[in-house]
Amino acid sequence: MSMTLYAAPLSSATPVVHALCELEIPHEVVLLDLLAGDQHQPEFRALNPNAQVPTLVVDGAPIFEALAILQWLGDRFGLARGLWPAAEDPARLEALSWSTWAYVTFGSALKRFLQATGARVPEALRHPVQAKHTQDELQGLLGLLDARLAARRFLLGDDFTLVDLIVASVVSYGAHCGVSTDGHAGVEAWLERFHARPAYQKAWAPAAG
Ligand SMILES: N[C@@H](CCC(=O)N[C@@H](CS)C(=O)NCC(=O)O)C(=O)O
């Protein structure tokens with residue numbers, strides 16, 4: 001099977017780089033220069049009409065959207081490595097629920113928070129009331145995650161899985177953007193375990209692709 005990941009350093013593609021490393025899957029990485037506009041080249045748009053990384057090409061067929069790629073990697077390669085539950089395992093339902101929760105529920109609130117506060121948003125679009133509202137919403141979501149982790153080392157139990165990678169990648173990005181995990185002790189201890197993984201450190205090293 002041939003696999004090519006289109007990525008940019010320290011971007012939405014990095015959790016996919018991390019997952020490929022955890023799964024020890026041979027692959028090629030093509031780094032796009034987003035500032036130079038590589039993503040708008042017709043050859044790349046033919047793979048991903050959204051003109052975004054990550055995009056993974058598997059035996060010539062593209063898949064885009066980080067969550068779809070990560071869930072597919074879990075299905076295709078995670079079972080053999082004990083990093084994703086089998087289709088008939090009830091834990092698969094939890095894997096799909098929590099990973100989608102991270103990108104859709106937490107991720108959409110985070111996007112609204114960034115639009116209200118973000119350094120890259122023009123001053124006129126910043127909105128302190130919306131910022132406070134979405135920060136409160138995100139803190140509530142972190143509370144749900146904290147409750148989930150109260151009786152578990154990882155989201156599905158004692159062992160790390162790609163579900164942790166998916167959820168912790170989004171929560172870490174949120175923390176980096178000002179959504180503090182203070183007061184959520186279970187989340188903080190779990191993030192420490194996540195950040196200590198060699199594959200995490202390799203994928204997120206400043207020079208990594
Ligand atoms: N919803 C997409 C978002 C991906 C995304 O935002 N990618 C950014 C890099 S972090 C990108 O490629 N931006 C292209 C651009 O800035 O034109 C996903 O999860 O895959």
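First, the ground rules. This is a predicted model, in which local features need pLDDT of at least 70 and side-chain atom pairs count only at pLDDT 80 or more, while totals for chains, interfaces and linings use all residues. Residues are numbered from 1 along each chain as its sequence is written, and side-chain values use heavy atoms, with hydrogens and water left out.

Let me start with the layout. The protein chain splits into domain 1, residues 3-82, and domain 2, residues 90-197; these bounds come from an automatic or database domain assignment. Taken over C-alpha atoms, the centres of domain 1 and domain 2 are 22 Å apart. To their contact, domain 1 gives 14 residues and domain 2 gives 13 residues, where contact means heavy atoms within 4.5 Å.

Now the interface itself. The size of an interface is often given as the accessible area lost when the parts come together. Here, domain 1 and domain 2 bury about 1100 Å² between them, and 67% of that is on carbon and sulfur atoms. Buried area is the accessible area, with a 1.4 Å probe, that two parts lose on being put together, summed over both. Which residues of domain 1 lose the most area to domain 2? They are Glu22, Leu67 and Gln71, together 43% of what that side buries.

The rule finds two salt bridges across it, a salt bridge being a side-chain nitrogen of Lys or Arg within 4 Å of a carboxyl oxygen of Asp or Glu. The side chains of glutamate 22 and arginine 197 form a salt bridge, at 2.8 Å from N to O. Between domain 1 and domain 2 there are four residue pairs in polar contact, both residues at pLDDT 80 or more. A polar contact is a pair of N or O atoms within 3.5 Å; within protein, one must be able to donate a hydrogen and the other to accept it, and residues adjacent in sequence count only if both atoms are side-chain atoms.

On the side of domain 1 that touches domain 2, helix H1 (14-23) and helix H3 (66-78) each supply at least two residues. Helices (H or I, at least four residues) and strands (E, at least two) are DSSP runs, numbered from the N terminus. H3 gives the largest share of that side, seven residues.

H3 also has buried residues, among them Leu67, Leu70 and Phe77. Buried means under 20% relative accessible area, exposed over 50%, and partly exposed in between, with a 1.4 Å probe and protein chains only. The cover over the buried residues of H3 includes H1, helix H4 (90-117) and helix H6 (162-176).

Finally, the backbone. Most residues other than glycine have a negative phi, and most peptide bonds are trans. Glutamate 24, though not a glycine, has a positive phi of about 55°. Glutamate 24 sits in the loop between H1 and strand S2 (28-31). Alanine 51 has a positive phi of about 55° and is not a glycine; its loop runs between H2 and S3. Are these two residues buried or exposed? Glutamate 24 is exposed, at 56% relative accessibility, and alanine 51 is buried, at 8%.

The peptide bond from valine 53 to proline 54 is cis, with omega near 5°. Proline 54 lies in the loop between helix H2 (42-47) and strand S3 (55-58).
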